Amino acid sequence: MDFKSYNFQNKRALVRVDFNVPLDENGRVTDDTRIKMALPTINWIIKAGGSVVLLSHLGRPNDEPDSSYSLRQIIPCLENSLNKNITFCNDCIDENSLIITKNLKPGCIVLLENLRFYKEEKLGDEDFAKTLSKHGDVYVNDAFGTAHREHASTSIIANFFPNDKMFGFLIQNEIKSVETVLNSSKYPLTAIVGGAKVSSKITIILKLIEKVDHLIIGGGMAYTFIKAQKGSIGKSLVEEDYLDLAIEILDKAKKRNVQIHLPSDALCCKEFDNNSVSTTRSIYEIPNDEMGLDIGEDSIKNFEEVIKKSSLILWNGPMGVFEMSNFQKGTQSVANAIVSATENNAFSLIGGGDSVAAINLFKLADKVSHVSTGGGAMLEYLEGKELPGIKSIRSL
Ligand code: AMP
């Protein structure tokens, strides 16, 4: 069903959004990208004469109510963005919430409490999904960030709307961008991966090797590759269990003619602290009492060169501890190089919570081709998996 041609007049649209936003210790939203990106869909429905019931999760509560994970905390930010009052229901399936949504008037917006206060959400429980479905007349999935999960609100619920289910604008754009990469014959294709752990990105790295021409590996995960090649990495981040796999990846890349680019130097210091004195060193010769927290100038230069020559660019994960101002240069330089390549007609796709946070921090989000709201979902889609949240809308 096509979202734009659907008649929302007097309909209650149950919209699964991804409001899993980062909060500070006072419960204030620190990055509202995901909220902002859901606005076009919500506003469209309201303008078309409908009302909206918003479904989302927030963080990883322990299958029970927990105020630190309450979606109530995002209301000021949401009301500000929509310039509208929101009704909040402090339970997503209780009698009271069902009464409120049953009597919803066109133009009104309701936000239901965190779905993950019920274990049934993640279990994809049918009865739970059925109760949730009673909140609306039509189901709109606009949560790309959870489209790779077969949860009650992202996938199972669609079964209760066989003729009234559709994607919102955000998911439509996400699908279009990933498909651009999947179907493109442009090359060279460069993937840049970074962030803390190899373990969380291993499947995609193995998959990427089958597809890309260049693979740039930075951030904390690079040290596992350096150590695997007998480098001295001091007390830098490392995953000892992945040393063999790192070598396997390097061998596999060689066989497939994929050029792997690892950092050659790193900004090293004794403490994990923005004010710790830092020295640029060869990444293979870090003293025992130091750790690498960003890539060095030589690595930046190498990475920039590769990126600027690329026609298709995928980026997931920062090059260093970009949250600290003294260790963000590597990540910022990579972001700038991606922007330059995009200005020269490359297609650039940025995904993954931290790369998105970084690109927003540097105010470059509108200078790349697409910023994805879903790190895991984007990676799984690129891996060629059929995402449950997408399949359930497409299937009749
Ligand atoms: P991920 O969620 O796996 O993408 O990891 C992102 C996190 O990796 C960010 O919070 C960065 O601060 C962190 N990170 C990046 N480079 C390093 C490094 N060299 N040492 C420690 N942490 C890092």
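Let me start with a list of residues: Ala-191, Ile-192, Val-193, Lys-201, Ile-204, Leu-208, Leu-314, Asn-316, Met-378 and Leu-379 line the largest cavity. The elements that give two or more residues to this lining are strand S7, at 189-193, helix H7, at 202-209, strand S15, at 312-316, and helix H13, at 375-383. Please keep in mind that the model is predicted.

Which element gives the most to the lining? That is S7, with 3 residues. By class, the lining has 8 nonpolar residues, 1 polar and 1 charged. As for volume, about 50 Å³ of space lies in the largest cavity. How many cavities of 30 Å³ or more does a search of the whole structure find? The search finds 1. On the general idea behind such a search: rolling a probe the size of a water molecule over the atoms shows where empty space is left.

Next, the two helices on that list, H7 and H13. They pack at an angle of about 35°, and their axes are 10 Å apart. The crossing of H7 and H13 is left-handed. On the H7 side, the contact is made by Thr-203, Ile-204 and Lys-207; on the H13 side, by Leu-379, Leu-382 and Glu-383. Sorted by class, this contact has 3 nonpolar, 1 polar and 2 charged residues.

Now back to S7, and to the loop between helix H6, at 169-183, and S7. Pro-188 is found in that loop. Is the peptide bond from Tyr-187 to Pro-188 cis or trans? The bond is cis, with omega near 0°.

Phi of Asn-345 is near 80°, which is a positive value in a residue other than glycine.

Last, the chain as a whole. It is divided into domain 1, covering 12-167, and domain 2, covering 174-382. How far apart do the C-alpha centres of the two domains lie? They lie 33 Å apart. Across the boundary, 10 residues of domain 1 are in contact with 14 residues of domain 2.

To recap: the search finds 1 cavity of 30 Å³ or more, S7 gives the most to its lining, and H7 and H13 pack with a left-handed crossing. That is all from me.

Conventions. Residues numbered from 1 in each chain as written. Predicted model: local features only at pLDDT ≥ 70, side-chain atom pairs only at ≥ 80, totals over all residues. Heavy atoms only, no water. 1 Å grid on protein atoms, 1.4 Å probe; cavity = no way out; pocket = protein on both sides within 12 Å on 5 of 7 lines; lining within 4 Å. Points joined across faces, edges and corners; volume = space filled by probe spheres on them. Helix = DSSP H or I, 4+ residues; strand = E, 2+ residues; numbered from the N terminus. Nonpolar A, V, L, I, M, F, W, Y, C, P; charged D, E, K, R; others polar. Axes fitted to C-alpha atoms, helices over the stretch in contact; angles between N-to-C directions. Left-handed = near helix turned anticlockwise from the far one by under 90°. Contact = heavy atoms within 4.5 Å. Domains from an automatic or database assignment.
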